[in-house]
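Visitor: I would like to learn how to read a model of this kind. Please take the features one at a time.

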Amino acid sequence: MPPLVDPIPSGVLFETDTQTPDLGLAKDVTVLKKATPKKHEYVWFNIFWFLYLHLASLYGIYLVFTSAKWQTNVFAFAVHLMCAIGIGAGSHRLWTHRSFKARTPLRILLMIWQTMGFQDCIFEWARDHRTHHKYADTDADPHNAERGLFFSHMGWLCCKKSPEVIEGGRRIDLSDLYADPVVMFQKKHYMKMMPLLCFVLPTIIPVYFWDETWTNAFFIPTILRYTIGINVVWSINSFAHTFGYRPYDKSLNPRDNIGTWMICVEGFHNYHHTFPWDYRATEYPLYNMLTPTIMFIDAMAMIGQAYDLKSVSPDIIKQRSQRTGDGTHYLWGWDDPEFTEKLKEKYGRIDSPEEKKTL
Ligand SMILES: [Zn+2]
Ligand SMILES: [Zn+2]
């Protein structure tokens with residue numbers, strides 16, 4: 001049976017997808033952005049689960065300040081950090097974007113930490129995230145930001161995937177994931193490993209090792225830590241696609257926002273969608289040094305566990321920013337004297353009458 005829908009790529013995934021010398025697509029992607037009105041089919045189990053998690057987390061916050069041992073709070077933060085690195089460095093930068101390579105011990109460690117974060121197995125996470133980049137802000141984007149802040153934050157997980165999203169996912173090449181035994185092992189045993197790593201162990205460890213109460217151990221390092229973890233990742237899909245500047249490509253919804261960075265330690269999303277195969281969060285070394293995921297990849301590279309780290313050259317970044325950026329780049333913005341009127345004419349692209357008015 002032929003596919004019911006025909007999604008058109010609106011973004012790049014790998015260098016091989018690029019069509020211009022400054023690593024973009026040779027088409028105006030603003031016209032592809034859309035959110036066709038839809039009747040969503042709700043997944044009630046997820047809705048009640050998220051409701052429970054957020055209410056229980058409020059109790060968790062109360063316990064943090066009233067009765068938890070300091071070891072429990074430190075432990076909760078450490079588990080959160082491990083999950084963030086498992087997802088940020090593992091399922092995101094290694095397995096979705098192939099922005100570096102990792103030796104087997106590191107891949108196993110990242111797989112364990114990624115399982116602890118319970119945001120689907122690596123295989124599904126990477127497939128959905130590749131679909132998000134390739135069909136960003138269209139009907140085939142799993143968390144299409146054109147459908148609003150709530151949908152892109154958590155609403156998309158409260159309803160069934162649309163045929164466009166399913167078809168988009170089907171068109172993504174996943175052969176590298178099928179070929180990775182660590183990814184396949186996790187996929188096969190996910191439902192046995194995940195409850196143990198995400199819920200059981202973080203509850204038992206504080207009770208066993210420092211005599212914490214079962215209530216504190218359950219609500220702080222388990223429920224509260226997990227709820228914060230999912231909200232951090234969701235915020236990148238929602239806030240980082242809605243608020244901020246677009247110094248690299250103004251035709252994309254994803255934005256750079258220092259506020260999102262301060263909450264998620266990952267907020268240079270316009271940079272990330274412009275150059276998704278770059279292992280760094282941003283071109284700015286200071287922010288990379290302050291980003292645990294990037295520090296972790298750098299540290300692993302030092303001991304030889306990570307290698308072939310990919311990054312985009314400053315020249316390309318400059319060219320791209322001048323051609324498609326919104327003029328807010330601190331160096332290569334429209335006020336930069338090096339960016340002459342002639343260059344502005346050559347590289348400037350005004351996509352919509354609305355944007356034309358604001359310039
Ligand atoms: Zn995004
Ligand atoms: Zn990404």
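Visitor: Which residues does UniProt list for "transmembrane region"?

Guide: The unreviewed UniProt entry lists residues 42-62, 74-95, 193-210 and 216-236. UniProt positions are given in the numbering used here, feature names are shortened, and annotations may be inferred rather than shown by experiment. The model itself is predicted: local features need pLDDT of at least 70, side-chain atom pairs count only at pLDDT 80 or more, and totals for chains, interfaces and linings use all residues. Residues are numbered from 1 along each chain as its sequence is written, with chains lettered from A and ligands numbered from 1 in the order in which they are written.

Visitor: How many helices and strands are there in the protein chain?

Guide: Helices (H or I, at least four residues) and strands (E, at least two) are DSSP runs, numbered from the N terminus. The protein chain has 16 helices and two strands. Of the spans in the record, residues 42-62 are 90% helix and 0% strand, with 31 Å between the end C-alpha atoms. Residues 216-236 are 100% helix and 0% strand, and their end C-alpha atoms are 29 Å apart.

Visitor: Which residues have the most contacts inside the largest nonpolar core?

Guide: In soluble globular proteins, nonpolar side chains tend to be buried together. A nonpolar core is a set of buried Ala, Val, Leu, Ile, Met, Phe, Trp, Tyr and Cys residues joined through C-beta atoms within 7 Å. A residue is buried if 20 or more other C-beta atoms lie within 10 Å of its own, exposed if 12 or fewer, and partly exposed in between; C-beta atoms are placed from the backbone. Here the largest core has 57 residues, and Cys 83, Leu 110, Met 116, Ile 122 and Ile 297 have the most contacts inside it. Helices that each supply at least two residues of this core include α2 (70-96), α3 (104-116) and α8 (181-210). Another core, of five residues, lies apart from it, and Tyr 135 and Val 165 are among its members.

Visitor: Where does Asp 120 lie?

Guide: Asp 120 lies in the loop between α3 and α4. Most residues other than glycine have a negative phi. Asp 120 has a positive phi, near 80 degrees.

Visitor: Is Asp 137 buried or exposed?

Guide: Asp 137 is buried, with 27 other C-beta atoms within 10 Å, whereas Asp 120 is partly exposed, with 18. Asp 137 lies in the loop between α4 and α5 (149-153) and also has a positive phi, about 60 degrees.
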